[in-house]
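Hi everyone, thanks for coming. Please bring the structure up on your screens, and let's walk through it together.

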Amino acid sequence: MLVAILVSIPYFFKYKGGFVLPIQLICGAIIISVFMAWYTWGQSFGSSASIIPYTMWFVFFYLLQSNIPIKTIENIVMIYGVIYIVLFLFQFTHNGVVYFGMQGEFKEDRGVVRVNFPGGGVFFLSCFIAINRVTNNVKYKILWLSYSILGIVIVVLQVTRQAIFMMLVVYLLHFLRNVKLPYKVLTIVMFACATYFFFNSGTSISNGLLNQQKEDASYGKDYIRILSAEYYLTKFTPNTVSKIFGNGFFNDTSNYGKTLIALGDTYGFYLTDVGIVEVYIVFGVFALLGYILIFIKSIAIPLPPEYYYLKYYLWMIFFTSLTSDFLISYYYLITTVLVLYCYQRIYIQNKYQIKPHTIQE
């Protein structure tokens, strides 16, 4: 990982426009965070190796220099998407033993053993590529539709409410994009009926989701994620400089890391549960600005219809960032970098009027 980052640094200032500035801001904030962890919490520089996976952002510039075809990226994503599905289904049906990941990633909750292990980012992207191919003029549409449906099934089995909601929203937006009004109404009614029957089916999963939603709603302003965000935003950061540049990235073995672990274990204040707040607390204002710019550009920069899956992925991780760490987790980061690289190539093509077929070559 470190070697990949080092070979990317020489191209850091070579490009401009599109998503380059936001990514430069995030990269700069990540490097500064090493010093901020020392300045704010006294964390030794020897603990800074834990930041290496998060500097994957630098690889964006190496990809631009290498000019890897988007088709190659798509194939890689689909291969790993299939692997993810196979491993998930195997682990889900053999949940008595943890074969992949760590014990803490598997717990019985909401009527099912929740299986969450690395690869979520590439899984979501592969599902969005699949729905894109269902509506485009490509072969094997039944196969792509089956993959898309299986993706929804797996997200439901993971019982993460915001992920289920956003996947359904993205699917609806995509399939209703170019159909006539009567078909839009019919599709929405079908989705609504399917949702109603699911939550009234009496299965352990549907009951678990409903009970969890009722429990969270009953807390109101005392909902743990609201309290957690409020604490980190108002009481955690000890000085003004750190409120600008962040507290720095933590190592679990340092006093800084142990403080965060204690806050989670004692009060339930987990930074990973308030993702967009985590970005600010750890990396500061400039990283937060970088993410905001990426979101704005994902809306403003046009895409050909066959690449809408890039928008879908970015919107997915942004709209789930209030209660997840999808923005910052290295389970998703490499996929985010690949998506932004593909987006940037299309931006360059539009800017310099490069022939469309050269993007895939």
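Helices here (H or I, at least four residues) and strands (E, at least two) are DSSP runs, numbered from the N terminus.

A word on what you are looking at. This is a predicted model, where local features need pLDDT of at least 70 and side-chain atom pairs count only at pLDDT 80 or more, while totals for chains, interfaces and linings use all residues. Residues are numbered from 1 along each chain as its sequence is written, and side-chain values use heavy atoms, leaving out hydrogens and water.

Now the whole chain. It has 17 helices and 2 strands, and its C-alpha trace spans about 60 × 55 × 40 Å along the principal axes. Of its 361 residues, 47% count as buried, where buried means under 20% relative accessible area, exposed over 50%, and partly exposed in between, with a 1.4 Å probe and protein chains only.

What sits inside? The largest nonpolar core has 104 residues, and Trp 57, Phe 124 and Phe 128 have the most contacts within it. Such a core is a set of buried Ala, Val, Leu, Ile, Met, Phe, Trp, Tyr and Cys residues joined through side-chain atoms within 4.5 Å. Helix 16, residues 330-352, gives the largest share of this core, 11 residues.

Let's stop at Phe 128. Leaving aside neighbours within four places in sequence, its contacts (heavy atoms within 4.5 Å) include Met 167, Val 170 and Tyr 171.

Next, helix 12, residues 255-267. Tyr 256, Gly 257, Leu 260, Leu 263 and Gly 264 are buried there. Seen down the helix 12 axis, the buried residues fall within an arc of 120 degrees (taken from the directions from the axis to the C-beta atoms), so they line one face. Asn 255, Asp 265 and Thr 266 are exposed on the other side. Helix 2 and helix 10 are among what covers the buried residues.

Finally, how many disulfides are there? A search of the whole structure finds 0, counting pairs of cysteine sulfur atoms within 2.5 Å. For Cys 27, the closest cysteine sulfur, in Cys 342, is 17 Å away, too far for a bond.
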